[in-house]
Amino acid sequence: VDFQINLVGRKDLSAEIYRQLRAAIWDGRVRPGDRLPPSRQLAGRLSVARMTVTVAYERLASEGYLTSRVGAGTFVKPTLQAGRAGTGRIATAGPLRARRIWDGIESSLSDPPFARTPRFDFRSGLPDAALFPHRTWRRLISRQFQADVVGKGIYGEPSGHRGLREAIARHIVISRGVETSPDDLTVTTGTLQAIDIVSRLLLVPGDRVAVETPGYKPVNLLLSSSGMRVLGVPVDEEGLVVEKIPSGVRLVYVTPSHQYPLGVSMSLQRRLALVAWAENHDAAIIEDDYDSEFRFRDRPIEPIHALGPGGRVIYVSSFSKTMLPTLRIGFVVTPSSLRGAVRAAKFLADWHNPLATQAALAQFIDEGHFARHIRRMRATYGERHDLIGKLLVRDFARFLTPIRSIAGLHLTALSRGLSSEAIKDVVMAASNRGVEIQELSRFSVDGVTTPAGVVLGYGAIPTGRITEGMRILEQCFRTSHRPVLG
Ligand SMILES: Cc1ncc(COP(=O)(O)O)c(C=O)c1O
């Protein structure tokens, strides 16, 4: 094998040979099964004592990288699996395998877009990080890291920073009509953790759980991974079709204010029907109110949580859209009957969210920055929502029918004739030209067929880029090769 070792100016030559050879194995320049030069030969090449090389080889052998066969020489262990080039990691394959269910989950989540920043970013669910008040946030968060604030370094309260829970409780009663004591509000690292905690309190593996289809797939995958039987329930223009909830369901997960991804609001009648269904079936409702702070017109829709005192609705929300998803902060409001158990489950999950972020967010809310940021972003997102809506009607009428939606960070439009396969082609063609959108079919849950269509997010795309991105998208539709269905 051919590898370079450079000892110019180095001190501990043996350690240096060891380090450089190990790096060559890590990044794949020297591969499992490769034979290394005999120590005498390498020593000659490097002009060092043979012992210097022998010590390096022995160290690598003792750590499991090399193996020697008498008379044959020294080899990189054939069973060693080098990681991807440049990752600097060795992955040793072994007998351990994840349970079968993880094969499906892993492949469903192997969604590369997170790593990329497309030229025209219409992905759903992302806020505009460029308009985040970074300077204010930096000032508040850096204050939290000063010695007098950090304090003695003891652990915090699992339910969350008291001031933050009070600030959130004050905020959601005004903005969403959700009344709660801060004692029944738990700070989480986001929606998924909230749902994970609640499901572990209320369900056992094998229990039946209903989710919307199309819907927010990570929730379906999360519950499946814990052994629940997850069943998709269709959504129409009034939201989840309550009478289609299968029998035996113990918990329903819904996005009533702004269905993800269709964008419809659940009608009052349906919300009342869902509450009645939960009463009649001794079941629980998880209400995910993930983006309804951004409502552009009409009166805000009352959350299901506010509809009755039944104690069956768990209200989940997140700062991923209103602030930044990378902060990993959300919260869950639970009935007081679950207070102790939720606190214990959060403790067992990760003890508590980082305190500095919680304290900074409390201040951010208390000082009025949060309300100001939401007001500003609501105006911006409203403008983008209206622009995309207008372009869909003006330029895409042959291909798409937008679903009326007046809130949130995305718009969905149904195909007027192109099949799901044809839409996939269009999405791919657009992606190749730097326009990233999502096809509706990828939100299908539980194998239920979803109507063909597209989801257009406008959180991440600057307003000034929307028209150009939509123009390219329209060309992709126009040049689609698949025939329009009857
Ligand atoms: C329906 C729905 N709920 C919640 C979230 C946010 O999740 P988290 O709070 O874990 O960031 C998203 C993000 O895209 C979402 O689409």
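Tutor: Let's start inside the structure, where about 50 Å³ of space lies in the second largest cavity. This is a predicted model, in which local features need pLDDT of at least 70, side-chain atom pairs count only at pLDDT 80 or more, and totals for chains, interfaces and linings use all residues. Residues are numbered from 1 along each chain as its sequence is written, and side-chain values use heavy atoms, with hydrogens and water left out.

Student: What makes a space a cavity?

Tutor: On a 1 Å grid over the protein atoms alone, it's a set of points where a 1.4 Å probe fits but cannot get out. The points are joined across faces, edges and corners, and the volume is the space filled by probe spheres set on them. Two cavities here come to 30 Å³ or more.

Student: Which residues line the second largest cavity?

Tutor: Val275, Glu279, Ile285, Gly308, Gly310, Gly311, Arg312 and Val313 do. They count as lining residues because each has an atom within 4 Å of a cavity point.

Student: And how big is the largest cavity?

Tutor: Its volume is about 110 Å³. Of its 15 lining residues, His171, Glu293, Ser317, Phe319 and Phe331 are the closest to the centre. Helix H7 (162-176) and strand E10 (313-318) are the elements that give two or more residues to this lining, and the largest share, four residues, comes from H7.

Student: Back to Gly310. Why is Gly310 called partly exposed?

Tutor: Buried means under 20% relative accessible area, exposed means over 50%, and partly exposed is in between (1.4 Å probe, protein chains only). Gly310 has 44%, so it lands in the middle class. You'll find Gly310 in the loop between strand E9 (284-288) and E10. Its C-alpha atom is 8.3 Å from that of Val275, although the two are 35 residues apart along the chain.

Student: How do you know that Glu287 is buried?

Tutor: Glu287 has 0% relative accessibility, so it falls under the cut-off. Glu287 belongs to strand E9. Setting aside residues up to four places away in sequence, Glu287 touches Val254, Pro256, Pro303, Ile304, His305, Val313, Ile314, Tyr315 and Val316; a contact is heavy atoms within 4.5 Å. Ile314 is 27 residues from Glu287 in sequence, yet their C-alpha atoms are 6.0 Å apart in space.

Student: Why does Arg270 count as buried?

Tutor: Its relative accessibility is 11%, so Arg270 passes the test for buried. Arg270 sits in helix H10 (residues 268-280). Beyond its neighbours within four places in sequence, Arg270 is in contact with Asp236, Glu238, Gly239, Leu240, Val241 and Val242.

Student: Which residues of H3 are buried, and why do we say they line one face?

Tutor: Thr52, Val53, Ala56, Tyr57 and Leu60 are the buried ones. Looking down the axis of H3, they fall within an arc of 130°, so they line one face of the helix. That arc is taken from the directions from the helix axis to the C-beta atoms. On the other side of H3, Met51, Glu58 and Ser62 are exposed. The cover over the buried residues includes helix H1 (13-26), helix H2 (39-46), strand E1 (66-69) and strand E2 (73-76).

Student: Why is Asp282 called exposed?

Tutor: At 52% relative accessibility, Asp282 is over the cut-off, so it counts as exposed.

Conventions. On a 1 Å grid over the protein atoms alone, a cavity is a set of points where a 1.4 Å probe fits but cannot get out, and a pocket is an open set with protein on both sides within 12 Å along at least five of seven lines; lining residues have an atom within 4 Å of a point.
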